[in-house]
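Hi,

Here is the structure I promised to pass on. Have a look at it first, and my notes on the sheet and the helices around it follow below.

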Amino acid sequence: MKLYVCWNAKPGLPIGGGMHPCGKAYKALADNGYDPEVVKVKGSRMLPGKIGETSGRREIEELTGRQTVPVLVTDNGAVIAESSEIVAWAQANPA
């Protein structure tokens, strides 16, 4: 299982009065018995043009059609994008 996150994301890191979406996804997986391989993706969808585009962001785009993280790839190859979807999946499928 791989969890793709922002290059600077840390599990549980607060941001804007709440938890960073990548941290929420990681915490939900950990709380439900998973220990995913965490892949930190550099670049940013918010940077213009090629500046924000990295091999990691291109890989995410190949998986999901967009360059945003977090993205979970389960052991059976299912791809789940968006923090809320990863949280819901982890809660519905505890290890």
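Lys-2 sits opposite Val-73 of strand S5. Bear in mind that this is a predicted model. That pair belongs to the contact between S1 and S5, which are antiparallel and share 3 bridges. Val-73 also has a bridge partner in S6, namely Val-79. S5 (residues 71-73) and S6 are again antiparallel, with 3 bridges between them.

On to the S4 side of S1: here the two strands run parallel, joined by 5 bridges. One of the residues involved is Cys-6, whose bridge partner in S4 is Val-41.

Put together, you get an open sheet of 4 strands, ordered S4-S1-S5-S6, with mixed pairing. So what is left without a neighbour in the sheet? One side each of S4 (37-41) and S6 (79-81), because these strands stand at the edges and have a single partner strand each. On average, neighbouring strands in this sheet are turned by 20 degrees against each other, ignoring direction.

Now the helices. H1 (residues 21-31) packs on the sheet and touches S1 (2-6), S4 and S5. The direction of H1 makes about 155 degrees with that of S1. H3 (residues 83-92) lies across S1, S5 and S6, and runs at about 125 degrees to S6.

One last thing about S1: 4 of its 5 residues are buried, so this strand is largely enclosed by the rest of the structure.

Cheers

Terms used. Residues numbered from 1 in each chain as written. Predicted model: local features only at pLDDT ≥ 70, side-chain atom pairs only at ≥ 80, totals over all residues. Heavy atoms only, no water. Pairing = 2+ DSSP bridges. Axes fitted to C-alpha atoms, helices over the stretch in contact; angles between N-to-C directions. Contact = heavy atoms within 4.5 Å. Buried < 20%, exposed > 50% of the residue type's maximum accessible area, 1.4 Å probe, protein only.
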